[in-house]
Amino acid sequence: MGFFDTVAAVSTPRGFGGIAVIRISGDKAVEIAERMFVPFEKKLSDVEANRAVYGKIYLSETDGKKREIDDGLAVVFRAPHSFTGEDTVEISCHGGVLITDTVLRAAFAAGAKAAGAGEFTRRAFVNGKLALTEAEALSSLLTAATDDQLKLARAGASGTLSRGISKIYEDLLSVSTAIRAKIDFPDEDLSELSDEDIERGIKTALKDAKKLEATYKTGRAVAIGIPTVICGRTNAGKSSLYNRLVGDDAAIVTDIAGTTRDIISETVSFGGVTLKLFDTAGLRETDDKVERIGVERAKDAIRKAELIIAVFDGSAELGEDDLNSISEIENSGAAVVAVINKSDLGQHRDTDKIKKKFKNTVVLSTATGEGIDSLSEKIRSLYFDGEIDLSCDAVVTNERQHAALVLTSDHLRSAQEALELSVPVDAVCSDIERAMSALAGIDGREVGEDIVASVFSKFCVGK
C-alpha cells in the first residue's frame with residue numbers, strides 16, 4: 001500500500017453495537033464513498049463539509065450489479081480540515097460483525113485499500129496535523145485505564161509536551177542564529193544577541209531541558225508502570241496486602257506457612273501510580289522442593305524490581321527469615337517501602353528496628369484496611385512531583401522522549417563548557433545544533449522512518 005492510496009478501515013470496536021463507523025481517507029475518498037453511499041438529498045460530492053446526510057449503502061458485486069446492504073449516515077470532511085489532513089468520509093452503519101465487514105468490503109469494492117495499523121494517525125502526523133508526541137499521547141489516550149493516565153494522555157494529545165519542546169528549540173534557534181552571524185560576519189555586528197545573551201540562552205535552555213527530563217519519573221510511573229514486588233517471610237501478610245491492592249481475592253490466603261508457591265501478578269493503579277504488582281513466595285529456608293523453587297523465583301523478582309514493598313509481621317519478633325529478607329532487599333538497589341502489618345494485633349518492640357532500617361515505613365492492617373491510605377500516599381510521594389499538574393503540564397512519558405532529552409542536555413552542557421573554556425565559537429554552535437536535532441526528533445521534525453514505524457505499529461487498525 002502506498003501512502004497516497006485512499007484507504008479504509010473500521011474505526012469502532014469490533015463486535016455488536018448500535019452503530020459502527022467506517023473511515024475512508026485519501027484524495028479519492030469522496031469519489032470512492034460516492035460509489036457505495038447514495039444520499040436521499042443530493043450527490044455525496046455536493047454535500048457540505050461536516051454535515052451528516054442519510055442514505056443507502058451499496059455493495060458492488062462481481063457481475064457489476066449493486067446490492068443494497070444497509071442504510072446509514074455519511075459525513076464528508078474536506079482537506080485540510082480533517083483528522084488526517086486529507087479528504088475523509090466517515091460512514092456510520094448499523095453495528096454488528098457481519099454488516100460492518102460487509103460495508104467495509106463495499107468500500108474496498110469501490111476502490112479503497114485496507115488501512116494499516118495507525119494509518120489514519122500516521123497520515124495526520126505526515127500532513128502536519130499532529131506532532132509525534134501528540135500521536136503517542138493519542139495512542140495512550142485510547143488505552144488509558146486510570147484517571148491519571150487519562151489526564152496525562154489528554155494533556156499530551158492537546159500538545160503540552162510538543163509546545164514545551166518547541167519553546168526550547170526556538171530559544172536555541174535564536175542562539176544558534178546569533179552565533180552563526182558571528183562566525184560568518186566576524187567584522188560586523190549583525191548578531192541581535194550579545195555574548196552574555198548567548199551564554200544566558202544556553203544556560204536557560206539547559207535548565208528547561210533538565211526540568212522536562214525530570215518529569216519522566218512521574219510520567220513513566222503513570223503511563224507505563226513500575227515493576228513492584230511484595231516480599232517478606234511467610235505469613236507476614238504479603239498475599240493479603242496483594243489482595244487489598246488488587247481489590248480481589250486473587251491470591252490464596254491461609255495461616256499455613258508457604259501457601260504462596262509461585263509468583264502471581266496484576267497491574268493496578270495505587271496512589272495514582274501504575275504498579276506492575278508481583279506477589280511472591282515467603283522468603284525462608286525450606287526442604288520442600290516446590291516451595292524452594294518459589295523462593296528462588298521470589299529472589300529473582302526482587303533483583304529485577306524497581307519498587308519493593310517489604311512486609312513484616314509487626315505483632316511478632318523479627319526472626320532469621322526477616323533478617324534474610326532484609327539482606328535480599330538491601331542488595332536489590334530498588335526503592336523500598338517497609339510495611340509493618342497486623343497493627344490490629346498490637347506492635348512488637350522490634351518494629352522500631354524496621355523503622356530505623358527503612359526510610360519509608362508504613363504501619364497498617366491488611367485485615368481491617370487501616371493504614372492502606374498511608375501506603376498509597378507513601379508510594380505516590382516516591383514518584384509524583386507535587387509541582388506537576390497532569391492535566392496541563394508538559395510531561396515526558398516514554399523512553400524515546402526521555403533518551404532524546406538526556407542527549408539534548410548532554411550537548412548543551414558541552415556547549416556551556418566550551419564557552420567557559422573559550423573554545424572556538426563554531427564548536428559551540430555545533431553542540432547547540434546537535435541539541436536541536438535531538439529535540440527535533442522528539443516531536444517528529446527530524447526522525448527516522450524506523451522510529452515512525454515503531455510508534456504507529458502500536459496503534460490499532462482504524463485509528
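**Ground rules.** I number residues from 1 along each chain as its sequence is written, and my side-chain values use heavy atoms, with hydrogens and water left out. Because the model is predicted, local features need pLDDT of at least 70 and side-chain atom pairs count only at pLDDT 80 or more, while totals for chains, interfaces and linings use all residues.

**The sheet.** I looked up the strand order first. Helices (H or I, at least four residues) and strands (E, at least two) are DSSP runs, numbered from the N terminus. Two strands pair if DSSP finds at least two bridges between them. I found an open sheet of 6 strands with mixed pairing, in the order β9-β10-β8-β11-β12-β13. β9 (264–270) and β13 (361–363) are at the edges with a single partner strand each, so one side of each has no neighbour in the sheet. From one strand to the next the twist averages 25°; axes are lines fitted to C-alpha atoms, for helices over the stretch in contact, and angles run from 0 to 180 degrees between N-to-C directions.

**Strand β11.** I then asked which strands pair with β11 in the parallel sense. β8 (residues 226–231) runs parallel to β11 (residues 307–313) and is joined to it by 4 bridges. β12 is joined to β11 by 7 bridges, also in the parallel sense. Val229 stands opposite Ile308 in β11, and Ile308 has Val336 as its bridge partner in β12. From β11 the chain crosses through helix α11 (residues 320–330) to β12, and this β-α-β crossover is right-handed (with the strands pointing away from the viewer, the path from the first strand over the helix to the second runs clockwise). Cys231 has Ala310 as its bridge partner in β11.

I checked burial next: buried means under 20% relative accessible area, exposed over 50%, partly exposed in between, with a 1.4 Å probe and protein chains only. In β11, 7 of its 7 residues are buried. In a regular strand the side chains alternate between the two faces of the sheet. In β11, Leu307, Ile309, Val311 and Asp313 point one way, and Ile308, Ala310 and Phe312 point the other way.

**Helix α13 and the cores.** Helix α13 (residues 372–383) lies across β8, β9, β10 (273–279), β11, β12 (335–341) and β13, at about 170° to β12. A nonpolar core is a set of buried Ala, Val, Leu, Ile, Met, Phe, Trp, Tyr and Cys residues joined through side-chain atoms within 4.5 Å. The largest has 30 residues, of which Leu241, Leu275, Leu375 and Ile379 touch the most other members. α13 gives the largest share of this core, 5 residues. Apart from it lies another core, of 29 residues, including Val175 and Ala440. Contact means heavy atoms within 4.5 Å, and the contacts of Leu375 include Leu241, Phe270 and Val337.

**Helix α8.** I noted 6 of the 8 residues of α8 as buried, so this helix is largely enclosed by the rest of the structure. Tyr216 and Arg220 are among the buried ones. Their cover includes α7 (195–214), β10 and α13. Gly225 follows α8 and has a positive phi, near 115°.

**Phe77.** Leaving out residues up to four places away in sequence, Phe77 touches Asn50, Ser82, Glu86, Asp87, Thr88 and Glu90. Phe4 is 73 residues from Phe77 in sequence and 17 Å away, C-alpha to C-alpha.
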